[in-house]
Amino acid sequence: MSADTIAVNQQMSHFDDHAELWLFGYGSLIYKADFAYLERRPASIRGWTRRFWQGSHDHRGTPEAPGRVVTLVEQPDAVCVGMAYLISLDTLQHLDVREKNGYLRFVTEMQLDDGRQVEALVYIATPDNEAYLGPADEREIARHIAASAGPSGPNRDYLLHLTDTLRELGARDTHVFEIERHLLEIATEEAAARTRKHAAV
Ligand code: BEZ
């Protein structure tokens with residue numbers, strides 16, 4: 001499947017007769033919303049887990065050197081904590097363009113932090129899209145993130161904004177926090193190597 005998912009997403013008619021809908025964010029949407037919304041609150045979905053398995057050609061990397069960003073992978077009984085936005089139908093057009101790099105619209109049940117259970121839309125990049133990178137060990141993912149940057153900024157900032165917000169939400173996410181631990185270790189090792197190099201000249 002092409003990484004450009006705008007046309008496929010705009011064929012989905014599930015929400016066409018809704019004036020408003022709930023959107024579940026689990027990646028950059030957790031910490032940043034560059035669109036209008038009516039309500040924003042912590043939420044979770046069941047049966048999906050976050051993974052740094054999607055390539056980013058347009059935000060945190062380039063077509064020649066894609067970065068790594070999150071997608072969701074099915075896992076029975078997993079709970080993924082994120083951020084919910086109540087948006088108007090018009091806002092979806094904007095999101096289809098912003099999240100065009102391999103992400104498809106899915107519909108899921110979502111639990112809001114005030115106890116409400118609602119239907120929500122979520123963007124998920126599945127393994128059949130061209131930008132998909134798939135699994136790698138967490139140290140390798142951290143190395144990849146440390147070395148990547150794109151029009152939206154360094155890939156490491158994406159990871160660190162995500163972990164900061166997950167901490168604020170009290171979310172446990174072993175995969176993401178393990179990558180952060182490796183990234184910070186790599187940064188310390190690189191700084192020490194630079195110091196040694198300067199001391200040697
Ligand atoms: C999210 O934060 O949920 C998200 C961001 C970019 C693409 C897909 C999902």
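1. Start with Glu185: its relative accessibility is 32%, so this residue counts as partly exposed. Keep in mind that we are looking at a predicted model. Glu185 has a salt-bridge partner in Arg139, and the closest N and O atoms of the two are 2.5 Å apart. Arg139 belongs to helix α4 (residues 138–146) while Glu185 belongs to helix α6, so this pair ties together parts that are 46 residues apart in sequence.

2. Glu180 makes a salt bridge with Arg167, with 2.4 Å between the closest N and O atoms. How accessible are they? Glu180 is buried, at a relative accessible area of 9%, whereas Arg167 comes out at 45% and is partly exposed.

3. Now for the salt bridge between Arg50 and Asp173, where the closest N and O atoms sit 2.7 Å apart. This pair links distant parts of the chain: Arg50 is in strand β2, Asp173 is in the loop between α5 (155–168) and α6, and 123 residues separate them. Are these two partners buried or exposed? Arg50 is buried, since its relative accessibility is 2% and the cut-off for buried is under 20%. Asp173 is buried as well, with 8% relative accessible area.

4. If you're wondering what brings such partners together, side chains of opposite charge can pair when their charged atoms come close. How many salt bridges does the structure hold? The count is eleven. Some of them share partners, and in that way Glu39, Arg41, Asp113, Asp114 and Arg116 are joined into one network.

5. Asp173 also turns up in the second largest pocket. Of the 13 residues lining this pocket, Asp173 is one of those nearest its centre, along with Thr49, Ala78, Val79 and Arg172. The space in there is about 150 Å³.

6. Which parts of the chain build that lining? β2 (39–56), β3 (67–88) and α6 (174–200) each give at least two residues. The largest share is from β3, which supplies five residues.

Note on methods
Residues numbered from 1 in each chain as written. Predicted model: local features only at pLDDT ≥ 70, side-chain atom pairs only at ≥ 80, totals over all residues. Heavy atoms only, no water. 1 Å grid on protein atoms, 1.4 Å probe; cavity = no way out; pocket = protein on both sides within 12 Å on 5 of 7 lines; lining within 4 Å. Points joined across faces, edges and corners; volume = space filled by probe spheres on them. Helix = DSSP H or I, 4+ residues; strand = E, 2+ residues; numbered from the N terminus. Salt bridge = Lys/Arg side-chain N within 4 Å of Asp/Glu carboxyl O. Buried < 20%, exposed > 50% of the residue type's maximum accessible area, 1.4 Å probe, protein only.
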